[in-house]
Amino acid sequence: QMSSPERIDSLLALGFSMDIPKSYSLAVWEPDGGFLQYQRRVSDDCLLLLSVRWIDDDQVLSAEESLVWREAVARNHFYDSQADSVDRSMAQVEPLVLRGMEGWKLLGMWRNPEHLNAGAFTSYVLRNDGRRYLLDMEVFHERREKEPYIREGWIIMNTFMPGGENGQ
């Protein structure tokens, strides 16, 4: 099931839209800080975190800077993730164009030695009219397959469109 009209309207008020399935529940809503997160608990040992971070600035990030920004967003905004890091030896970064917006598609692993856990992530780093976006799907599925959930993230993130009441 795809997004409810109420969810789409609430995102449009932030200046963008994305079709986030109803199976994802709102976990963090901080529009003044440019961050929101939805979560889907698939099972007791599988959790998906879909996050959007946005900043109004003119900075164009390199591939490496995009990985660093993704890591910083996780450390600063994800619950109990101050020790999270991106395993750069396994990270894949490729150019991305989505609806005319240019940026990067990131795919990799995150690790947290403090909690002895890790998982997969995929992110889009995009720019549009003076606003930088990070769309991120983080997967925790201990010792099990993660690829279907990474692909689910791509499907959802591919619905992202800037515009709305506060759109640039």
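**Notes on the predicted model**

1. Ser23 sits in the loop that runs between β1 (16-17) and β2 (25-30). This is a predicted model, and in it Ser23 is partly exposed, at 45% relative accessibility. Leaving aside residues up to four places away in sequence, Ser23 touches Gln39 and Arg40.

2. Ser66 belongs to helix α2 (residues 63-77). With a relative accessible area of 0%, Ser66 counts as buried because that value is under 20%. Its contacts, not counting residues up to four places away in sequence, are Leu61, Trp104, Leu106 and Val125.

3. On the aromatic side, there are 4 aromatic pairs. Phe16 and Trp54 make an edge-to-face pair, 5.2 Å centre to centre with 65° between the planes. Since Phe16 is in strand β1 and Trp54 in strand β4 (residues 46-56), the pair ties together parts 38 residues apart in sequence. Phe16 is buried at 0% relative accessibility, and Trp54 is buried at 7%.

4. Phe16 also pairs with Phe160, this time tilted: 5.6 Å centre to centre and 35° between the planes. Phe160 lies in the loop between α3 (147-157) and β10 (161-162), so this pair links parts 144 residues apart in sequence. Phe160 is buried, at 0%. Phe16, Trp54, Tyr133 and Phe160 form one aromatic cluster.

5. Please look at two charged ends as well. That of Arg70 sits over the ring of Phe121, 4.1 Å from its centre, and that of Lys105 sits over the ring of Trp154, 3.9 Å from its centre.

How values were computed
Residues numbered from 1 in each chain as written. Predicted model: local features only at pLDDT ≥ 70, side-chain atom pairs only at ≥ 80, totals over all residues. Heavy atoms only, no water. Helix = DSSP H or I, 4+ residues; strand = E, 2+ residues; numbered from the N terminus. Buried < 20%, exposed > 50% of the residue type's maximum accessible area, 1.4 Å probe, protein only. Contact = heavy atoms within 4.5 Å. Phe/Tyr/Trp six-rings, centres within 6.5 Å; stacked < 30°, edge-to-face > 60°. Lys NZ or Arg CZ within 6 Å of the ring centre and 35° of its normal.
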